[in-house]
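Please take a moment to look over the sequence and the model together before reading on. The paragraphs below begin with one pair of side chains and then widen the view.

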Amino acid sequence: MSKVQVSGVMTLRNAEEVGYPYIPSILSILPIVDEFLINDGGSDDGTWETLCTLADSFDEIELYQIPDGEPGAQWDVVDRQLDELIDVAGGEWLIESQCDEVWPRSSLHTVNEIMRSDTEYASIRQPRLSSSEWDGVSSYDYWTVRCVKNTPDLESHEGGDSFHTGGYSSPTEGYTSHNVPPETKVDAPFWHVHDFDRVAHAERHAFWLATESDLRREVYERTVE
C-alpha cells in the first residue's frame, strides 16, 4: 500500500460555549492523518487555549486563526475558512471532521485503506449517523462525503457538507449534488454526537468513540481537567 499523505481539516468557533465535542472529534481522526489543520474563527470562551494544549501534545496539529470576518450566511463563513485550509493542505486526500462529529476506529480503518491505495476514486460517501437516540436506533442517518481528493479546484460548499470541483454549477449526471466524482460508497459510518437536549449523554458517547487508545484517553482527560 503506497504512502499517500492525508490532511485533516476543521473549523470552529466558541465550541466550549456551545457544547460541541470538538476534543473527541479531533482525537478520533488523528490516528490516520499526517497533518491536521484546525481553524479557530475567533473564540473567546477557552476553545483556543484548549486547541493550543492539543497542538502541544500532537505534532500533526497545525492551528490557524482565520476570523469569521464580515457578517454573512453561516455556511458561507465556514466554506471560506475551509477553502483557506484546503489551499494550504499538503495531503493528496482530505478528511474533514466537523466539531460535532466523531469517528469510530473501524470506519477510520476502512477509509484510510482507500485513501492510501492507488484508487481511481476521488471521494468516499459514508453514512452519517445521529446519536440522539443512542438506545438502539439512530434518529436519522444520511450518506455524505467527508473524504475527498485534494484537487487544485476543490471547494467547500454548504458549510463543509458538500465538496465540488471545476466551478460547480449543477450535479454531475448520476451523482448527488455534493460530491467529487468518481466516488465510492462504503458502509463506514461516523457519528453526529451533539444533542442540545441530551448534552451529557452525547458527551459520554463522544468520549467512548474517541478514546479507544490509551494515548488519546490520557490527552482527553488532561485537556478537560
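The side chains of Glu-101 and Arg-128 meet in a salt bridge, with 2.7 Å from N to O; a salt bridge here is a side-chain nitrogen of Lys or Arg within 4 Å of a carboxyl oxygen of Asp or Glu. This pair links distant parts of the chain, since Glu-101 lies in strand 5 and Arg-128 in strand 6, 27 residues apart. Helices (H or I, at least four residues) and strands (E, at least two) are DSSP runs, numbered from the N terminus. Both Glu-101 and Arg-128 are buried, where buried means under 20% relative accessible area, exposed means over 50%, and partly exposed lies in between (1.4 Å probe, protein chains only). Salt bridges that share partners join Glu-96, Asp-100, Glu-101, Arg-128 and Arg-146 into one network.

Before going further, keep in mind that this is a predicted model, in which local features need pLDDT of at least 70 and side-chain atom pairs count only at pLDDT 80 or more, while totals for chains, interfaces and linings use all residues. Residues are numbered from 1 along each chain as its sequence is written, and side-chain values use heavy atoms, with hydrogens and water left out.

Arg-128 also forms a salt bridge with Asp-100, and here the closest N and O atoms are 3.9 Å apart. Asp-100 counts as buried at 12% relative accessibility, and Arg-128 is buried with a relative accessible area of 7%.

A salt bridge of another kind of setting joins Arg-80 and Glu-84, whose closest N and O atoms are 3.8 Å apart. Arg-80 and Glu-84 both lie in helix 4 (residues 74-88), four residues apart, which is about one turn of the helix. Arg-80 is partly exposed, with a relative accessible area of 33%, and Glu-84 is partly exposed as well, at 36% relative accessibility. The count of salt bridges by this rule comes to seven.

Helix 4 also holds Gln-81, which is buried, with a relative accessible area of 3%. Leaving aside residues up to four places away in sequence, Gln-81 touches Thr-11, Asn-39, Gly-41, Ile-66, Pro-67 and Asp-68, where contact means heavy atoms within 4.5 Å. Gln-81 and Pro-67 are 14 residues apart in sequence, and their C-alpha atoms are 8.1 Å apart in space.

What of the nonpolar interior? A nonpolar core is a set of buried Ala, Val, Leu, Ile, Met, Phe, Trp, Tyr and Cys residues joined through side-chain atoms within 4.5 Å. The largest such core has 32 residues, and those with the most contacts inside it are Ile-26, Phe-36 and Ile-95. The elements that give two or more residues to this core are strand 1, helix 2 (22-29), strand 2 (35-40), helix 3, strand 4 and helix 5, and helix 2 gives the most, with five residues. Ile-26 touches Met-10, Phe-36, Ile-38, Leu-51, Leu-54 and Ile-61, not counting residues up to four places away in sequence. Apart from this core lies another, of 15 residues, among them Val-9, Val-78, Ala-122 and Val-180.

Helix 3 (residues 47-57) has as its buried residues Thr-47, Trp-48, Thr-50, Leu-51 and Leu-54. Seen down the axis of helix 3, these residues fall within an arc of 160°, so they line one face of the helix; the arc is that of the directions from the helix axis to the C-beta atoms. The face of helix 3 turned away from this buried side carries the exposed residues Glu-49 and Asp-56.

Two details of the backbone deserve a look. The peptide bond from Pro-181 to Pro-182 is cis, with omega near -5°, and Pro-182 lies in the loop between strand 9 (162-164) and strand 10 (183-185). Asn-14, although not a glycine, has a positive phi of about 50°, and Asn-14 is found in the loop between strand 1 (6-12) and helix 1 (15-18).

Taken as a whole, the chain has seven helices and 11 strands, and buried residues make up 52% of its 225 residues.
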